[in-house]
Amino acid sequence: MDDGERTFQPFEGACLYLWPPTPAAELAIHRALEPEYTLRRSSSALVFTAGEERMRQALERLRRTVTGPDRERTRALLVPGCARIGTDAIPLVRSLDELLDEQDVDSALRVLDENRMQIHFQPIVEASFPARVFGWEALLRVATGDGRVRSPAEVIRSARKQGLTVRLNLAIISAAVAEAVRLGLDGKLFLNLDPAILVESLLPAEVMEALVLEAGLEPGRIVLELLETLAAPDEEVLKSILEPYRRVGFRIAIDDLGAGHSSLNLMHMVRPDLVKLDMAMVRGLDRDRYKATLVGQLIELAHSLGAAVIVEGIEEQAELEWVQAQRADYAQGWLIARPANPPARPNPSL
Ligand code: G
Ligand code: MN
């Protein structure tokens, strides 16, 4: 990935070389860029020259209109400063698909290299004493560079595509742990992990343990949130994957329970210490008897299996009251506090 650096140095002007594999792909590229942008033809390539802003717009048009095999099979080379192409350019030629990914603001590689990750924290409180903090969920936010902050979904997707899931997760966890220590946060620290990391054993328990200890945190304070999109292998395999993390003291939570299809199945495979009920389950349940019954039963079910229940996404007083009445253990949501850094303490009027 060393050569990646060169491609997104800020450039004054650049030349984009494209080698479409077929006349149809060539046509798609012409359609994407013309008439606003003019394409030249060099001996074998289509060439487009522009300043930084115009190049960004052109890439955006290509991103929107050139799709599928045309995008994967077109070779592309971006030459900052339009220097003459020599043999040193060979390793920089990639598919148009990869080039568009790399140049995207949400490219995981760019976000990492440009240090645009921020960690926000949202308190998880005791349901019946919302002023009492049980722990904090670390949430990744990405600075766009123009002062705004975005949710990380695109960056996470991009990391998967660019093969950077481990690097991104490691960076998030390290930053979250360091930031929690710097801010002197109390209670548990909830970390969202890409399920693939665990299933493929890409960040072994020993590595995570060392990382946490070196930052100055007790592993017993860490809760790993697993998404139910966990591509669950069979039960025995999953148990043996999770075992080492439990042995070093991490707790396991199932995140977003009720948002997908496999939740109950996952529940029995993971035997979580905590479950987080998805906000879709919670929204408006004080006005919907059917939903209320379902959630009430889920809370009871979790309890009888020995898991504590966190209800997520609480936005209204009535939702919190309902959740208290159902004896959920913990609560999280905008009503209590929004994710922020510096973190916001729970709303004292609850
Ligand atoms: O998948 P997971 O549950 O980890 O996602 C948590 C996301 O939900 C975060 O991005 C957080 O900002 C958001 N969030 C937290 N509390 C609330 C809430 O009360 N309402 C809504 N709509 N979103 C919330
Ligand atoms: Mn979560």
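**The metal site**

Mentor: Let's start at the manganese ion (ligand 2), which is coordinated by Glu 137 (OE), Asn 192 (OD1), Glu 225 (OE) and Asp 255 (OD), at 2.0 to 2.4 Å. Donors here are N, O and S atoms within 2.8 Å of the metal (3.2 Å for Na, K and Ca), and water is not among the atoms, so sites may look incomplete. This is a predicted model, where local features need pLDDT of at least 70 and side-chain atom pairs count only at pLDDT 80 or more, while totals for chains, interfaces and linings use all residues. Residues are numbered from 1 along each chain as its sequence is written, chains are lettered from A and ligands numbered from 1 in the order in which they are written, and side-chain values use heavy atoms, with hydrogens and water left out.

Trainee: How are the donor residues of the manganese ion (ligand 2) spaced in sequence?

Mentor: The pattern is E-x54-N-x32-E-x29-D. Asn 192 lies in strand β9 (residues 188–193) and Asp 255 in strand β11 (residues 251–257), so this pair ties together parts that are 63 residues apart in sequence. Strands (E, at least two residues) and helices (H or I, at least four) are DSSP runs, numbered from the N terminus.

Trainee: Is Asp 255 buried or exposed?

Mentor: Asp 255 is buried, with a relative accessible area of 4%. Asn 192 is partly exposed, at 27%. Buried means under 20% relative accessible area, exposed over 50%, and partly exposed in between (1.4 Å probe, protein chains only).

Trainee: Switching topic, how many helices and strands does the protein have?

Mentor: There are 15 helices and 14 strands. The C-alpha trace spans about 75 × 45 × 40 Å along its principal axes, and 49% of the 350 residues count as buried.

Trainee: What about helix α3 and helix α5, at what angle do they pack?

Mentor: Helix α3 (residues 52–65) and helix α5 (residues 96–103) pack at about 125 degrees, with their axes 10 Å apart. Axes are lines fitted to C-alpha atoms, for helices over the stretch in contact, and angles run from 0 to 180 degrees between N-to-C directions. That makes α3 and α5 oblique to each other; angles under 35 degrees count as roughly parallel, over 145 as roughly antiparallel, 65 to 115 as roughly perpendicular and the rest as oblique.

Trainee: Which residues make the contact?

Mentor: Leu 59, Leu 62 and Arg 63 of α3 meet Leu 96, Leu 99, Leu 100 and Gln 103 of α5, where contact means heavy atoms within 4.5 Å.

Trainee: And how many residues of α5 are buried?

Mentor: 7 of the 8, so α5 is largely enclosed by the rest of the structure. Among the buried ones are Asp 97, Asp 101 and Glu 102.

Trainee: Last one: where does Glu 236 lie?

Mentor: Glu 236 lies in helix α11 (residues 235–247) and is exposed, with a relative accessible area of 54%. Its C-alpha atom is separated by 27 Å from that of Ile 173, 63 residues apart along the chain.
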